[in-house]
Amino acid sequence: MPAWGRPWVPRVAALLTFAVGLLDVVSALTPEWRTRLADLRVLLPASASRQAAAFTVVVGMLLVLLATGLRRRKRRAWRAVVVLLGLSVVLHVAKGLDYDEAAASAALLGALVLVRGEFRAKGDPSTRWRAVGVGLLLTVISIGIGFLLLHLREHRLAGPHSWSAQLEQILLGLIGIPGPLRFNSDRFADLATRVLLTLGIVTIGATGYLALRPPHPRPRLTEEDQGRVRALLARHGGADSLGYFVLRSDKSVIWSPSGKACVAYRVVNGTMLASGDPLGDREAWPGAIRAFLSEAADHAWTPAVIGCSEAGGTAWTRAGLAALEFGDEAVVDTTTFTLDGRSMRNVRQAVARVERAGYTAVARRVRDLEPDEIAEVKAQAKAWRGAETERGFSMALGRLGDPADGDCVLVLAYETPRAPARDGSDRPAEAAAAAAVISPDGAAPRLRALLHFVPWGRDGLSLDAMMRDRSADNGLNEFLIVSTLRQAGDLGVARLSLNFAFFRSALERGERLGAGPVIRCWRGLLMFMSRWFQIDSLYRFNAKFAPTWLPRFVCYPATAELPRIALAMLEAEAFLVWPQWRRRLPRPAPLVGAARRLRGRARDTTQEGADRTGGSDPSRSGPA
């Protein structure tokens, strides 16, 4: 891995910068020493010292905000902090001959100059959405500083001063308009006016600058990259079931020097997340991995990989990362799958029940569907999804029916209305299947659920999306998967990936006879988390189809970075959704991704008398 220097230097520098920033704010808002002010009046007028105090507040506020960038080794943040510390030294002297505060700023300035080599990371790409976030943040901080100023000098306020009156005074002061409060000190009134107006000017100026400057959007998958990725998929797409998800629109790719391999990634809050194995020739994997880690080091991003296979994990660990197994992928061999046997009894009963209810399934390649059929399926999928948050990153394509995805497979479940028999009972499933597609009363079959698969090489499919009508019968998801396995031969498919179960091995070992206290506690924690992430139900649903379990890993640079990586994973998969202004880039085209697919699949795993996990909710949950 690229050299990271001394990791403690940026952390200590950020902490000291934050402390000096707070010191500047408090120093400017509290009264100065009268003896020092008397000496200062010989050199500067009172208005100049009060304006210096207002500028000191702004400098302190900016130092607090820049501490985060300094911790991430950002070169621009280091330059800004050095300049602000130099101004802080001058302002402390100008506002009240505060030699002690000036000495603290000067000492930190000298230290930062000495360790300047530690701060060499490039700035993060951004868009104009950043202006909205910075504007709101500066406004909130300015209001907080205004309340702090009025509280520290509360004895200078004349008459009643309710919280609402103080807020009005602050908001009007930010734009230079006198507020409702009255002061018994002209000096403090002038100071408050200058501080608030300066804060307002800085807030408006910073927001306007960020909004009007040319944006530097985050890199996305370009048309040229898509062409090169599809060429690699044609040659090496069978190596990894997640390879096709490289084409997700919100991912970027970084190439090996030879161009024979690439790594797909996305940057989330300073974490550079790669998904799956590197795509391409395995001999070129080290070059792509080195390029990925070098890019992370250049920007001081934390490199991480989620969902890689054992082969991919080996390649990443050789490059310096550590690996942790966190799930198993369920892969079914379509040539040997059968519903016979006691172990398949629950699945067999669920499928038979759905078939008796009049459901049929059709599996077709996207290229074989007419445009109006695609439009109908997309409209129905959108209606099923409703207002649910679109989830998925590592194992979701994020679109449906794109002409470029002609090799993808749609499995559609239709419910054929059943005509009542003469004796008043429903017609048996055999009679309904033998009848015409249109029932005797003229009603057309109704689309009730769908599966969407992406290609996995030439003879495999990987489950991308699973959606269903909430009012459809239980067991429909099992019926769809079994129908896909039955029609796999017609599609030329020999292996089917159902994606993975989170921490499956821990759940399995924890329920065995003689399991130790540690593994039992770990399983208990996973069962508790299953209330929100459907961890246990996903494992049990996948296990119904007697798959082969293939381990999947997360790779990381250091154990201390795991919490940060976990949060980035949750945000990438949209389990943590920030307010709209935090979304610097639009989300990918709405479609069910792996996470909601998995939750819907898990909730439909049982019916009455079987292992119930629900089956009426198409939303997804659990890590993809």
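Is A546 buried or exposed? With a relative accessible area of 57%, A546 is exposed, where exposed means over 50%, buried under 20% and partly exposed in between, computed with a 1.4 Å probe and protein chains only.

## About the model

This is a predicted model, in which local features need pLDDT of at least 70, side-chain atom pairs count only at pLDDT 80 or more, and totals for chains, interfaces and linings use all residues. Residues are numbered from 1 along each chain as its sequence is written, and side-chain values use heavy atoms, leaving out hydrogens and water.

A546 sits in the loop between helix 19 and strand 14 (548–556). Helices (H or I, at least four residues) and strands (E, at least two) are DSSP runs, numbered from the N terminus. Although A546 is a residue other than glycine, its phi is positive, near 50°.

Helix 19 itself (residues 535–543) is mostly covered, with seven of its nine residues buried. Those residues are I535, D536, S537, L538, Y539, F541 and N542.

## Helix 10 and its cover

Let us turn to helix 10. Its 15 residues (285–299) should span 21 Å at 1.5 Å a residue, since the expected span is 1.5 Å times one less than the number of residues. The end C-alpha atoms of helix 10 are 22 Å apart, which agrees.

The buried residues of helix 10 are W285, G287, A288, I289, F292, L293, A296 and H299. Their cover includes strand 3 (252–255), strand 4 (261–268), strand 5 (271–275), strand 6 (279–280), strand 7 (302–308) and helix 11 (310–318). A300 has a positive phi of about 60° although it is not a glycine, and at 11% relative accessibility it counts as buried.

Which residues form a nonpolar patch on the surface? They are W8, V12 and L16, and together they have about 300 Å² of accessible area, a value from the Shrake-Rupley method with a 1.4 Å probe, where only the protein chains shown count as cover for residues. Patches are made of residues with over 30% relative accessible area and no salt bridge, joining like charges within 9 Å and nonpolar side chains (Val, Leu, Ile, Met, Phe, Trp, Tyr) within 5 Å. A salt bridge here is a side-chain nitrogen of Lys or Arg within 4 Å of a carboxyl oxygen of Asp or Glu. W8 belongs to helix 1 (residues 8–29) and counts as exposed at 51% relative accessibility.

## Buried residues and their contacts

T56, in helix 3 (residues 46–71), is buried with a relative accessible area of 1%. Beyond its neighbours within four places in sequence, T56 is in contact (heavy atoms within 4.5 Å) with D24, A28, L91, H92 and K95.

L181 lies in the loop between helix 7 (163–174) and strand 2 (182–183) and is buried, at 6% relative accessible area. Not counting residues up to four places away in sequence, L181 touches L150, L157, P160, H161, A165, Q166 and Q169.

## Cysteines

How many disulfides does the structure hold? The count is zero, a disulfide being a pair of cysteine sulfur atoms within 2.5 Å. For C555, the closest cysteine sulfur is that of C308, 3.7 Å away and too far for a bond. C555 counts as buried at 0% relative accessibility, and C408 counts as buried at 0% too.
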